[in-house]
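Open the model in your viewer and keep the selection tool handy. We will go from one stop to the next, and at each one I will tell you what to select and what is there.

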Amino acid sequence: MSDVQTTAAPPEFADATRDDTALRRFLHGLPGVDQVGVEQRAAGLATRSIKKDSKLWAIDTAISMVDLTTLEGADTEGKVRSLCAKARRPDPDFPDVPQVGAVCVYPDMVATAVKALDGADIGIASVATAFPSGRSSLSIKLEDTRMAVEAGATEIDMVIDRGAFLSGKYMRVFEEIRAVKAACGSAHLKVILETGELATYDNVRRASWLALLAGGDFIKTSTGKVSPAATLPVTHVMLQAVHDWHAATGEHRGVKPAGGIRTTKDAIRYLVAVHEVAGPAWLDPHLFRFGASSLLNDLLMQRRTQLAGHYSGPDYVTVD
Amino acid sequence: MSDRLTVSKTYKLYLGGAFPRSESGRTYPVTDARGRFLANAAQASRKDVREAVVAARAAFGKWSRATAYNRGQVLYRVAEMLEGRREQFCAEVAAGEGVPAKRAAALVDAAIDRWVWYAGWTDKVATVLGAANPVAGPYFSFSLPEPTGVVGVLAPQGSSLLGLVSVLAPVIATGNTAVVVTSQDRPLPAVTLAEVLATSDVPGGVVNVLTGHTAELAPWLAAHADVNAVDLVGAPQELRAELERAAAGSVKRVLRSAEPDWTAEPGITRLRAFLETKTVWHPMGV
């Protein structure tokens, strides 16, 4: 494509979203995912050894990509405030540790987070649309979204209606994402596919394209409430989708694996996958994020280990 | 009838209740006292130390919170299993330490008895080392011993079973979890002891056994910030000062005794060494 449009989807995509039949034809016309191939490639890339300076760089990059998350029924304002303090300065002993990408909270906690992060260049992400199940009417989902945006959220993490997707009502999912995107205004939209419930890699690829067609700025693997959450092969398929989307439209869209990424070793494996599958441009907090909470502590411990030359322990990082 | 080919045993590490090979893939030959080849043992690396500490830390919560009675029962059960493997221990001790069969049997019996002795201590240590303190005020004041956490044990180099039992049992009897670096040249009884622990009721991760070069592993264990105490009894003499300095970096407890006569009555020094004292003040008459 020589003449790339950056605002509107190119004609063949506009055609694909014309009606239900066209959308179905487009999504089912996507090439199937070679399950064995993608799993083998993910496992192969995961064996790469990243050491010394590269490791330190990877740790700092990963820290800047963390969406520090608390999504519990037991969340309190105090917990959100302490999370925000940690987001601003992850390791008080080492002021050179980068700030995290964003904090991620429930809509009613957005105002607290906005206040606690005042003046910091840290995104405020809020889940919305009847998270985590997505089982509610469209009007309630939109109201949920508006509430978060009005409270000051700069990023919205929505869940798709997996029931509709799995029963083939692609247009319904598409229009829902469209409507939420419109309700977001200037806030970035992350679309949670909940890959653990999609059953096949082919479905993951279709859902990724559906979310990209509908205007999602990010595609996110999971809510973190369903097991399995993020896995490397699933993230590979999604990275492939944003890569292809960029090749077709010139637009950069992001990917966010969430849930189950707890160790530095895991995080570095994801970064290797980002570099190899999507491309070096995606090694940027604007295009790749980790949805995680305990990962940050492990990154900080590994950073200390790299600098001190001996192993660190959980006594040296905050308990959250 | 054809001659049977004996199946020789692969000696592996014991980490978190499993028997993996070393992450590094290395092994080293173990010989008997006269230099004849006995077996290849896994040669642990610093990353195995790291994994062992993670496993020991994960196991600490449950093991330290178990009632003293329960810990005692678990340790008695270990003694039963030791008794069942008596012949195997005798053979390994005799080969490794180069002692006659009769002497080896005496050492193994002493080790089993030592284990039972420490098993009996689990529910008595609080009575002996704790106190109800006399205070000038309307308070009850109690001092209670609590386990210190993850203990790194450099096992004695000479006494491969009795010495090992004498340093390991007091650590876990009081509710600590242990990362043991075995005798470098005589590691086989330690691996068999690990098999005993795996088949008794000791939760995985409470004891982790690493075989390999002590001088290579000890500095990583002593400097590890998530290890709360180290027992340096099996450390090479020339490394001790350096290990103590490394341990001081994260304010570890250090037990720095020289090797005693392991057959002698042990006393409670080693039980006391890895305990913290917690003192509680409680208002009286409320």
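Start by selecting A:Val66 and showing what surrounds it. Leaving out residues up to four places away in sequence, A:Val66 touches A:Val100, A:Gly101, A:Phe290, A:Ala292, A:Leu295 and A:Leu296. Contact here means that the C-beta atoms of two residues, placed from the backbone, lie within 7 Å. A word on what you are viewing: this is a predicted model, in which local features need pLDDT of at least 70 and side-chain atom pairs count only at pLDDT 80 or more, while totals for chains, interfaces and linings use all residues. Residues are numbered from 1 along each chain as its sequence is written, with chains lettered from A and ligands numbered from 1 in the order in which they are written.

Now widen the selection to the core. A:Val66, along with A:Ala62, A:Val103, A:Ala113, A:Val191 and A:Leu210, is among the residues with the most contacts inside the largest nonpolar core, which has 100 residues. Color helix H10 (residues 201–214) of chain A next: with 9 residues, helix H10 gives the most to this core. Another core, of 90 residues, lies apart from it and includes B:Leu15, B:Val179, B:Val180 and B:Leu210. A nonpolar core is a set of buried Ala, Val, Leu, Ile, Met, Phe, Trp, Tyr and Cys residues joined through C-beta atoms within 7 Å. Buried means 20 or more other C-beta atoms within 10 Å of a residue's own, exposed means 12 or fewer, and partly exposed is in between, with C-beta atoms placed from the backbone. In soluble globular proteins, nonpolar side chains tend to be buried together.

Zoom out to chain A as a whole. Chain A has 13 helices and 8 strands; these are DSSP runs numbered from the N terminus, with helices (H or I) of at least four residues and strands (E) of at least two. Of the 320 residues in chain A, 49% are buried. The C-alpha trace of chain A spans about 60 × 45 × 40 Å along its principal axes.

Next come some backbone details. Most residues other than glycine have a negative phi, and most peptide bonds are trans. Select A:Phe131 and A:Pro132, which are joined by a cis peptide bond with omega of about 0°. A:Pro132 sits in the loop between strand S3 (123–128) and helix H7 (138–151) of chain A. Then pick A:Ser227 and A:Pro228, where the peptide bond is also cis, with omega near 0°. A:Pro228 is in the loop between strand S6 (218–220) and helix H11 (232–249) of chain A.

Which way does phi go at A:Lys52, positive or negative? A:Lys52 has a positive phi of about 50° although it is not a glycine. A:Lys52 lies in helix H4 (residues 52–64) of chain A, and A:Lys52 is exposed, with 8 other C-beta atoms within 10 Å.

Move over to chain B and select B:Glu146, found in strand S4 (residues 139–147). Because B:Glu146 has 15 C-beta neighbours inside 10 Å, B:Glu146 counts as partly exposed. Beyond its neighbours within four places in sequence, B:Glu146 is in contact with B:Leu275, B:Glu276 and B:Lys278.

Finish where the chains meet: 7 residues of chain A are in contact with 6 residues of chain B.
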